[in-house]
Amino acid sequence: MSDRMISVTMRINGEKTGPVDLPEDLMLLEYLHEYLNLTGTRYGCGQGVCRACAVIHDGAAGAEPIPACITGVAWANGRSFRTVEGHATRDDDGNVTQLTSVQQAFLDHFSFQCSYCTSGFVAAATALVERLEAAPIAPEDVEDVVLDALNENICRCTGYVRYLEATRDVILNTPGLTRAAVTEENPS
Ligand code: FES
Ligand code: FES
């Protein structure tokens, strides 16, 4: 760990954090775990491969899942992120009162077993759903788009199918995420 410190400010789950002096080579995942006690984001490979550590970066291009294990706080400085703790609706005491549609679908479909990968899948699927709110797709494209969006997330328990099915169901059952297919009868 570097001795050099930098002053860092971010928004995490809608709340301002910092300014705080951090080692310049600290990773975002370490900041979440060791400084903010947000431990729902998992450490897996530590190399940007498994996506267990995925969080949502809310940037100019919209919601994007990024691997927090290889994202330095120097880059994260001044940016906004959502971790798995920030998705559900909570009451004033911090208790979860309502899951998001993605979280609920993962439960309903029994998408996970040990759940080590789940926070990363929540980030990836949620970012996809939010991108589709801005740019709906044809129903026949949903399968491929979901596969592409979750493709980098590794799960060692379940075989992926139930994560894929749950995400597909959220998209097909949420108004505005898909549009009518372009056909000769419906050319628009
Ligand atoms: S722990 Fe970050 S990608 Fe595997
Ligand atoms: S549910 Fe265990 S790694 Fe995915």
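A residue counts as buried under 20% relative accessible area, as exposed over 50%, and as partly exposed in between. In this predicted model, Asp169 has a relative accessible area of 24%, so Asp169 is partly exposed. Val102 has a relative accessible area of 5% and is therefore buried. Asp169 lies in helix α6. Val102 belongs to helix α3. Both helices pack against helix α4, α3 at a crossing of roughly 130° and α6 at about 25°.

Helix α4 spans residues 118-134 and has 17 residues. From its first C-alpha to its last, α4 reaches 25 Å, close to the 24 Å expected at 1.5 Å a residue. Of its 17 residues, 13 are buried, so α4 is largely enclosed by the rest of the structure.

Two packed helices are described by the angle between their axes and the distance between the axes. Helix α3 covers residues 101-108, and its axis comes within 9 Å of that of α4. The two axes cross at roughly 130°, which makes α3 oblique to α4. The crossing of α3 past α4 is right-handed. On the α3 side, Val102, Gln103 and Phe106 make the contact. On the α4 side, Thr118, Phe121, Val122, Ala125, Thr126 and Val129 take part. By class, this contact has six nonpolar and three polar residues, with no charged residues.

Leaving aside neighbours within four places in sequence, Val102 is in contact with Val122, Ala125, Thr126, Val129 and Val170. Among these partners, Val122, Ala125, Thr126 and Val129 are residues of α4 in the contact with α3. Val170 is a residue of α6 that meets α4.

Helix α6 covers residues 161-173. The axes of α4 and α6 are 11 Å apart, at an angle of about 25°. That angle makes α4 roughly parallel to α6. The crossing of α4 past α6 is right-handed. From α4, the contact draws on Thr118, Phe121, Ala125, Leu128, Val129 and Leu132. Tyr163, Thr167, Val170 and Ile171 meet them from α6. Eight of the contact residues are nonpolar, two are polar and none is charged.

Asp169 and Ser101 are 68 residues apart along the chain, with their C-alpha atoms separated by 9.8 Å. For Val102 and Arg168, 66 residues apart along the chain, the C-alpha separation is 9.9 Å.

Methods. Residues are numbered from 1 along each chain as its sequence is written. Chains are lettered from A and ligands numbered from 1 in the order in which they are written. This is a predicted model: local features need pLDDT of at least 70, side-chain atom pairs count only at pLDDT 80 or more; totals for chains, interfaces and linings use all residues. Side-chain values use heavy atoms; hydrogens and water are left out. Helices (H or I, at least four residues) and strands (E, at least two) are DSSP runs, numbered from the N terminus. The expected span of a helix is 1.5 Å times one less than its number of residues. Buried means under 20% relative accessible area, exposed over 50%, partly exposed in between (1.4 Å probe, protein chains only). Axes are lines fitted to C-alpha atoms, for helices over the stretch in contact, and angles run from 0 to 180 degrees between N-to-C directions. Angles under 35 degrees count as roughly parallel, over 145 as roughly antiparallel, 65 to 115 as roughly perpendicular and the rest as oblique. A crossing is left-handed if the near helix is turned anticlockwise from the far one by less than a right angle, and right-handed if clockwise. Contact means heavy atoms within 4.5 Å. Ala, Val, Leu, Ile, Met, Phe, Trp, Tyr, Cys and Pro count as nonpolar, Asp, Glu, Lys and Arg as charged, and the others, Gly among them, as polar.
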